[in-house]
Structures are given as structure tokens and as C-alpha cells.
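This report describes how the parts of one protein chain are arranged and how they meet. The sequence and structure are shown first.

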Amino acid sequence: MLDRCNRLMTEAQKQGLDAVLVMSQINWRYFSGFTGSNAILLITPERRILLTDFRYTIQANQQTNGVFEVVEVSRSIGMDFISNELKRIGAKRVGFEDASITVRQFKELETLGVELCPISDAMANTRAIKSKYEIEQIIAAQNASDAAFTQLLGRIRVGMKETEVATELEYLLKKNGAEDKSFDTIVGSGENGALCHAIPGDRTLCHGDMVVIDFGSKVNGYCSDMTRTIAIGEPCDELKKIYNIVLQAQLNALAALKPGITGGELDRIARDYITEHGYGENFGHSLGHGFGLEVHEAPAASKTSETVLTPGMTVTVEPGIYVEGLGGVRIEDCCILTEDGYINPVNSTKELIIIE
Ligand code: ZN
Ligand code: ZN
């Protein structure tokens with residue numbers, strides 16, 4: 001945590017900031033280790049202070065392990081303490097999380113009488129490079145997902161509702177070591193597969209369906225993310241054709257994935273292949289995204305992303321084709337960039353699985 005705070009402060013000082021305030025739960029967890037629901041971090045070149053209320057002081061002291069001074073304040077967390085500390089050090093420019101705080105919080109910050117400078121992007125960039133520990137948690141999360149998916153395949157039957165598939169899968173994730181799912185499980189069967197983020201419903205699995213299953217596990221707060229599309233009985237020729245186009249687009253992007261490529265270039269490789277095969281209009285989302293404490297975080301692998309992928313970054317590779325009235329196919333792996341390539345912790349097969 002100390003190293004993370006130092007990296008943030010170095011970046012903040014480059015931007016001429018005297019202090020940084022952290023007010024979002026994900027970021028105070030990242031920079032301090034504290035997992036409670038109420039805190040503000042005040043990070044200055046000389047002090048790291050965590051303000052929280054009575055409910056959390058013991059927990060905060062344990063979790064921050066001496067890296068932060070824990071200060072008990074009222075539950076609403078008044079600005080008085082922060083104001084006094086900023087005055088004491090003569091802070092004029094203070095970084096705040098422009099991408100996540102509320103208007104109400106911003107108005108509170110304005111009472112501090114300092115120049116408020118956006119620093120969310122710098123925080124996202126700090127978080128984008130994963131440490132060895134973080135990579136281990138991600139791999140553990142993905143292992144739980146792979147094990148759960150394998151077991152799920154033995155339980156899927158014609159006539160099951162989408163909600164049953166999702167519930168079964170989420171149970172299996174936890175049974176295999178996940179502390180939680182990393183986001184609400186997506187199960188889109190038949191024509192529902194055309195909805196990229198289908199909410200599992202009462203539709204039952206029918207012979208000839210393709211079923212898009214997009215899910216993830218969380219271990220020690222870290223998320224994994226994978227999608228597989230399976231068939232219930234033999235699918236029609238068009239769905240089979242679509243499956244093979246998506247698969248080849250994904251393999252092409254994976255073959256190009258290495259440090260130095262930009263998110264935009266990676267996106268283009270998959271998109272060009274899908275476009276050449278006539279389905280460009282049916283691939284309406286980005287190729288991928290980073291993941292970590294949040295399932296969607298920096299960097300983006302989108303058409304417009306100029307971010308150069310570097311070792312320690314995470315990125316999903318998830319092309320898809322969606323045809324209204326017919327269905328959809330998406331195949332997603334979650335990868336971690338290394339010095340000379342990447343780790344793909346997703347072990348589930350990408351050959352089309354047909355459940356009879
Ligand atoms: Zn996903
Ligand atoms: Zn994803």
C-alpha cells in the first residue's frame with residue numbers, strides 16, 4: 001500500500017498538487033487496504049491519514065497496517081479535520097476524484113477553499129499496472145470460474161430457465177473458491193443472446209439455441225471476467241458460421257496481444273476480421289477492457305483507445321456478433337500483459353460445446 005501511495009503522490013506532485021483526497025470505496029481500498037464502507041483518505045507528501053467513524057476504527061487500523069494514521073470522525077465525516085490539515089501544510093492545490101464523487105461531495109470540497117484538481121485518471125493509471133499479488137488474486141478468481149463452468153456444463157439441460165442457469169453458476173463460483181461473483185451473471189439464450197448484456201429471465205433453453213454466458217469471480221476483491229457461448233443441440237448453419245467468425249476474430253486479437261500494441265489497434269484486428277466476414281454492424285461494443293478491483297477499469301481496448309498496453313496491465317478480449325431475432329455469440333478471455341506477451345488464465349475450451 002505504501003508503494004501505491006508513493007506512486008500516486010509522485011504523479012500528483014508532477015501535476016503540482018500538494019495533497020490528494022480519496023473518497024471512493026474502490027480507491028480507498030486500493031490505496032489503504034481498508035474495506036469498510038465509510039472513509040476519506042488524505043494523502044500528503046508527509047502524512048497518510050484515513051478518516052473513518054467509530055464503527056471502523058479497529059478494522060481500519062488492522063487493515064492499513066501502520067501505513068495510514070486512522071482518525072475517528074463523525075459518521076458524516078466533516079471537512080474540519082481535512083481543512084485544518086491542509087491549512088497546516090499550506091496546501092493550495094488538492095487532487096480529487098473527478099470521475100466518481102457526487103455533486104454534494106464536490107460542494108463540500110469547495111468549502112475547503114483550495115484549488116480542486118482532477119486526479120481520477122492518474123489514479124486509474126496507477127491501478128492499471130497490477131502487482132504480482134494482484135495477478136495472483138485474478139488468476140485465483142479465474143480458476144474458480146473455470147471450475148464452476150466445467151461443473152455447470154454437466155448440469156445444463158433443455159428446459160432449464162436462464163435464471164436457473166445463472167443461479168446454478170453463481171452457486172458453483174462460490175463453491176469453487178470465489179468470495180462473490182464479479183458482476184451480475186449474463187445468460188442470454190436463443191434470440192436473447194442478441195442482447196449483449198442480457199438479464200437472465202424465464203426463457204427456457206430450447207433445442208437449437210446458442211447461449212451466451214458471461215460471468216466472473218472475485219477473490220480478495222479482484223475480478224475475473226469470461227464469456228463462453230454454448231449450443232443446446234445442433235445450432236443452425238448461420239449461428240455456427242457466426243461462432244467461427246467470432247472465434248477466429250478472438251484468436252487473431254490474442255495472437256497480436258503483446259506490450260506495445262495500443263487498445264485501439266487490438267480492437268481493430270478483431271473488428272476488421274468480423275467486418276470482412278459481413279458482420280461489422282453486428283459488433284457494436286468495444287473489444288475489451290481492463291479489470292482488477294473493478295470488473296471494468298483502465299485500459300480500454302476500444303476503437304478510439306490510444307493507450308499503449310504495457311506489462312502488468314489487464315485486458316479482456318471479447319468480440320461478439322449479435323443478430324436481432326436470431327441470437328448472439330461472444331467469446332471472452334481475460335488476459336494479463338507480461339514482458340513478452342500475456343498470461344491467459346482462462347482454461348475453458350473455445351471449441352463449440354454442444355449440450356445434447
Ligand atoms: Zn464478461
Ligand atoms: Zn468483459
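Domain bounds, as used here, come from an automatic or database domain assignment. On that basis, the protein, shown here as a predicted model, is divided into domain 1, covering 2-128, and domain 2, covering 132-355. The C-alpha centres of domain 1 and domain 2 are 35 Å apart. Seven residues from domain 1 and 11 residues from domain 2 take part in the contact.

The area buried between domain 1 and domain 2 is about 760 Å², with 49% of it on carbon and sulfur atoms. Of the area that domain 1 buries against domain 2, 60% is supplied by Arg29, Arg127 and Ala128, more than by any other three residues.

| Pairing between domain 1 and domain 2 | Count |
|---|---|
| Salt bridges | three salt bridges |
| Polar contacts, both residues at pLDDT 80 or more | three residue pairs |

Arg127 takes part in a salt bridge with Glu294, in which the closest N and O atoms are 2.9 Å apart. Arg127 is also one of the residues named above for the area that domain 1 buries against domain 2.

Which helices supply at least two residues each to the side of domain 1 that touches domain 2? They are helix 2 (25-32) and helix 6 (120-128). By class, this side of domain 1 has four nonpolar residues, three charged residues and no polar residues.

Conventions: Residues numbered from 1 in each chain as written. Chains lettered and ligands numbered in written order. Predicted model: local features only at pLDDT ≥ 70, side-chain atom pairs only at ≥ 80, totals over all residues. Heavy atoms only, no water. Contact = heavy atoms within 4.5 Å. Buried area = accessible area lost by both parts, 1.4 Å probe. Salt bridge = Lys/Arg side-chain N within 4 Å of Asp/Glu carboxyl O. Polar contact = N/O pair within 3.5 Å; in protein donor to acceptor, adjacent residues only side chain to side chain. Helix = DSSP H or I, 4+ residues; strand = E, 2+ residues; numbered from the N terminus. Nonpolar A, V, L, I, M, F, W, Y, C, P; charged D, E, K, R; others polar.
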